[in-house]
Amino acid sequence: MVGGQHHELLRLVEDTYRTHGTGRTVNPPSCFPRFPDRPTARIIALPASVAGESKVDGSKCPRRRAP
């Protein structure tokens with residue numbers, strides 16, 4: 001699945017954990033916006049920010065599969 005890039009992937013994960021360990025990440029609580037016209041519907045947003053060499057900010061919105 002990683003196409004022979006195991007060492008690069010491991011380095012990236014290690015760097016991310018080290019960045020987190022030095023306090024250069026922001027991982028606030030998840031957000032759950034709801035819709036007034038659909039009380040059972042919601043969006044799950046997982047925001048995060050990583051400083052350091054990567055300098056990445058974003059939000060993961062998991063997709064729910066239909067039952």
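This is a predicted model: local features need pLDDT of at least 70, side-chain atom pairs count only at pLDDT 80 or more; totals for chains, interfaces and linings use all residues.
**Exercise 1. Which residue in β5 does Ala-48 stand opposite?**

Residues are numbered from 1 along each chain as its sequence is written, and side-chain values use heavy atoms, with hydrogens and water left out.

Solution. Begin with the terms: strands (E, at least two residues) and helices (H or I, at least four) are DSSP runs, numbered from the N terminus, and two strands pair if DSSP finds at least two bridges between them. Strand β4 covers residues 46-50 and pairs with β5 in the antiparallel sense over 5 bridges. Within this pairing, Ala-48 stands opposite Gly-58, while Ser-49 has Asp-57 as its bridge partner. The two strands form a hairpin with 5 residues between them, and Gly-52 in the turn has a positive phi of about 80°.

**Exercise 2. Find the order of the strands in the open sheet, and explain why β1 and β5 stand at its edges.**

Solution. The open sheet has 3 strands in the order β1-β4-β5, with antiparallel pairing. Because β1 (25-26) and β5 (56-60) each have a single partner strand, one side of each is left without a neighbour in the sheet.

**Exercise 3. Describe how β2 and β3 are joined and paired.**

Solution. Strand β2 (residues 34-35) pairs with strand β3 (residues 38-42) in the antiparallel sense over 2 bridges, and a hairpin of 2 residues joins β2 to β3. In this pairing Arg-34 stands opposite Arg-42 in β3.

**Exercise 4. Work out which residues the salt bridges of Arg-11 connect.**

Solution. A salt bridge here is a side-chain nitrogen of Lys or Arg within 4 Å of a carboxyl oxygen of Asp or Glu, and the structure holds 4 of them. First, Arg-11 forms a salt bridge with Glu-8, the closest N and O atoms being 2.8 Å apart; both residues lie in helix α1, 3 residues apart, about one turn of the helix. Next, Arg-11 meets Asp-15 in a salt bridge of 2.3 Å, N to O, and these two are 4 residues apart in helix α1, again about one helical turn. A further salt bridge brings together the side chains of Asp-37 and Arg-38 (3.7 Å, N to O). Finally, salt bridges that share partners join Glu-8, Arg-11 and Asp-15 into one network.
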